[in-house]
Amino acid sequence: MTKAAVIILAGTDSHADQGRLANGLETAKEFAETEGDDVELIFDGAGTQWIPELEDEDSDYHELYQTVRDDTSVCDYCAGAFGVDDVVNDAGLVTLDDHDGHPSIRSLVADGYEVITF
């Protein structure tokens with residue numbers, strides 16, 4: 001059994017950021033579809049800016065996002081800092097604030113997760 005925490009840090013500013021998002025979503029999907037694996041997909045920092053687009057059914061990434069949406073959470077502090085907290089709340093996504101308003105990477109490591117960042 002593999003435990004992976006896929007963290008999307010890339011913002012929405014560039015083509016390279018789109019590539020990081022796509023690769024992160026594909027990586028999370030691979031773990032989600034592998035029996036016995038456990039995946040956490042976390043949007044942190046500028047990565048929280050993707051949530052409004054991913055929740056939009058017309059987005060190029062919406063369908064891929066839907067395959068891992070149940071495993072998705074968002075940094076609480078960053079959602080507010082990047083102005084997407086209303087969309088995150090309306091979507092019913094879990095927010096993480098266990099380390100000064102942010103996800104605790106240490107807790108993920110202590111729980112046996114391999115941390116992969118995009």
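D85 lies in helix α5. Helices (H or I, at least four residues) and strands (E, at least two) are DSSP runs, numbered from the N terminus. The model is predicted: local features need pLDDT of at least 70, side-chain atom pairs count only at pLDDT 80 or more, and totals for chains, interfaces and linings use all residues. Residues are numbered from 1 along each chain as its sequence is written, and side-chain values use heavy atoms, with hydrogens and water left out.

D85 has 33% relative accessibility, so this residue counts as partly exposed (buried is under 20% relative accessible area, exposed over 50%, partly exposed in between; 1.4 Å probe, protein chains only). Helix α5 (residues 85-91) gives the patch its largest share, 3 residues.

## The nonpolar core

The largest nonpolar core has 23 residues (buried Ala, Val, Leu, Ile, Met, Phe, Trp, Tyr and Cys joined through side-chain atoms within 4.5 Å). L21, L25, L41, F43 and L54 touch the most other members. At least two core residues come from each of β1 (3-8), α1 (15-33), β2 (38-43), α2 (51-55), α3 (62-66) and α5. The largest share, 4 residues, is from α1.

## L25

L25 lies in helix α1. Its relative accessibility is 0%, so L25 counts as buried. L25 and S59 sit 34 residues apart in sequence; their C-alpha atoms are 14 Å apart in space.
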